[in-house]
Structure formats: structure tokens, C-alpha cells
Amino acid sequence: MPIRKQGAAPGRPRQKAAPGAPKVVARKPAAPKTRARKPKAVPPETLREIFARFQAIEPEPRGELEHVNPYTLLVAVVLSAQATDKGVNRATRGLFAAADTPDKMLALGLEGVREHVNTINFFNTKAKNVIALSQILIDQHGGEVPDSVETLEKLPGVGRKTASVVVNMAFGIPRIAVDTHIFRVANRIPLAVTKTPLETQPALEAIVPDDFLLHAHHWLILHGRYVCKARTPECWRCPIRDLCRYEPKTPAPGAGVEPEPGFEA
């Protein structure tokens, strides 16, 4: 019986590498990638100063969708999903001249609505929704637009954002309807650090001071649409650039005198 050397481990003997074989080197596990942390949301006093500056620029901001009453506002907002306000306005001028109430819209009919809105994205689906919600308004609400977000959300083509826009603009109820502009601006400054537009709305409504809450929706949209743009934010003319924690700040294009900060394009 062979005698095992003291200290040697039992088992199969190690095989020697063949002459000329490449040496195998054990690789160290890669270090986990670290993500840059987002800055914390600005403190309450900074948030108040931000909205005070927005208010000084545009004391009474207005939405850009043309409408003549709560019903036409509701229809315009439904049509504006994944479309520009300018494109919707071009289509609805003729539509609202022909039908500015649910009864008139039903009288116009699906084909009539389609003819007016066929330049808007997804016009077939949107036209069906306009006819369907008009019928529901007549059957369940006496032809009137309800002032409840929860009730409005039950209408075809109406989500949380649409319902919030309508109650804010038509009935003066303070709500912040979060679209892509507001979601971007809120997380860039940041006013709130959120992952989705849906969770951004309650986060903002909980922190915006009451005296700014009614118009906060419009101020943030204007800021995101004309200044804090998606691809190239115009930080060089931003009215809150000293309060915003977004980096890097974009420089002014070329030489010359910088314009006054504002919401203009």
C-alpha cells in the first residue's frame, strides 16, 4: 500500500500542464459599476423662491390649447395626447365652430369628427373617444363636464393627466397635471426625485406652496417647453439657474448679449 506524504490532501493527483500550453490566470471579479447619485430635492425656501420667480415672469399663465368652455377644453386635451398644441388648435377651430357641446358633437357624428381631426395622430381612436365621452356626458351628467378627477377618469380617452388639466383650467381646482415636460423639470432642478410621471403628481402637490399651486402646472410646462428643453436646456437664459442643481449647465450659443430670462421661445 502506497504511503501518503504527511499534509498532502487525499484525492486525485494534480495533472501537470502540457509543455507549451498557455498559462491560465484567474480573473478577479469586476468591480460593480457605481451610478451617479441624483441630487436631493431643493429645500422649501428654495422651492418657494423658484415659484416666486416664475410668478414674476408670468403672473397669470394660460394653457395654449384653444377652447370656449369646459367641454371643448376636455375634447382638446383628449385630442392633444401625443400631439402638439398647435396641431390640435388648427384642427379644433373648425370642429368647435361646428360643435361646442356634447349634443352638437353627437349630431356631427363620428365621420364629421374624423374629417376635422384627421391631421392629428391617432385621429380614428380619438374621434371615437370624443363621440363616446359626449354620449356619457349626456346620459350620466346632464351634458355637463364634472369637476371631479375621479369621475373624469372614467370617460373614454381620459387619464389622470387629462382630468387634472381640465379641473385645473376649467374649475380653478389646484392640480398639477404631470406631462413629460413637468416630469423632466421636476427631476432636473430637482423639485422631487421620482421615477414616473404618475408618482410625480402627488409628490409635487404635497410640496408646492398653496399660493403657487393653482398655476404651478402652467409655469412648469412653460419652463420645460421653452427653457429647460429635453435635449439642450437653455441654462444660459434660465431664470432659476442659480437655484437649479442640474449639471452641466449649457453655455450661451455664440457671443453677444444674453436675453432676459423668461418663458419665450
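Reader: Which side chains meet in a salt bridge at 3.6 Å, N to O?

Author: Side chains of opposite charge can pair when their charged atoms come close. The criterion used here for a salt bridge is a side-chain nitrogen of Lys or Arg within 4 Å of a carboxyl oxygen of Asp or Glu, and Glu247 and Lys249 meet in such a bridge, at 3.6 Å from N to O. This is a predicted model, in which local features need pLDDT of at least 70 and side-chain atom pairs count only at pLDDT 80 or more, whereas totals for chains, interfaces and linings use all residues. Residues are numbered from 1 along each chain as its sequence is written, and side-chain values use heavy atoms, with hydrogens and water left out.

Reader: Is Glu247 buried or exposed, and what does Lys249 count as?

Author: Burial is read from relative accessible area, with buried meaning under 20%, exposed over 50% and partly exposed in between (1.4 Å probe, protein chains only). Glu247 counts as exposed because its relative accessibility is 57%, while Lys249, at 27%, counts as partly exposed.

Reader: Which residue forms a salt bridge with Arg175, and where in the chain do the two lie?

Author: The partner of Arg175 is Glu205, with the closest N and O atoms 3.1 Å apart. This pair links distant parts of the chain, 30 residues apart, since Arg175 sits in the loop between α7 (160-171) and α8 (180-188) and Glu205 in helix α9 (residues 197-207). Helices in this numbering are DSSP runs of H or I with at least four residues, strands are runs of E with at least two, and both are numbered from the N terminus. Arg175 is buried, with a relative accessible area of 17%, whereas Glu205 is partly exposed at 23%.

Reader: How many salt bridges does the structure hold, and which residues are linked in a network?

Author: The structure holds 14 salt bridges, and Glu49, Arg53 and Asp242 are linked in a network of them. Another bridge joins the side chains of Arg160 and Glu153 at 3.1 Å, N to O; Arg160 is partly exposed at 32% relative accessibility, as is Glu153 at 27%.

Reader: What does the secondary structure of the protein chain come to, and why is helix α2 described as largely enclosed?

Author: The protein chain has ten helices and zero strands, and 40% of its 265 residues count as buried. Helix α2 (residues 70-79) is largely enclosed by the rest of the structure because nine of its ten residues are buried, among them Tyr71, Thr72, Leu73 and Leu74. Contact means heavy atoms within 4.5 Å, and what covers the buried residues of α2 includes α3 (85-98), α4 (102-117), α5 (123-141) and α7.

Reader: How many cavities of 30 Å³ or more does a search of the whole structure find, and which residues lie nearest the centre of the largest?

Author: A cavity is a set of points, on a 1 Å grid over the protein atoms alone, where a 1.4 Å probe fits but cannot get out, and its lining residues have an atom within 4 Å of a point. Grid points are joined across faces, edges and corners, and the volume is the space filled by probe spheres set on the points. The search finds one cavity of 30 Å³ or more, and about 80 Å³ of space lies in the largest cavity. Its lining has 14 residues, of which His223, Cys228, Cys235, Cys238 and Cys244 lie nearest the centre.

Notes
On a 1 Å grid over the protein atoms alone, a cavity is a set of points where a 1.4 Å probe fits but cannot get out, and a pocket is an open set with protein on both sides within 12 Å along at least five of seven lines; lining residues have an atom within 4 Å of a point.
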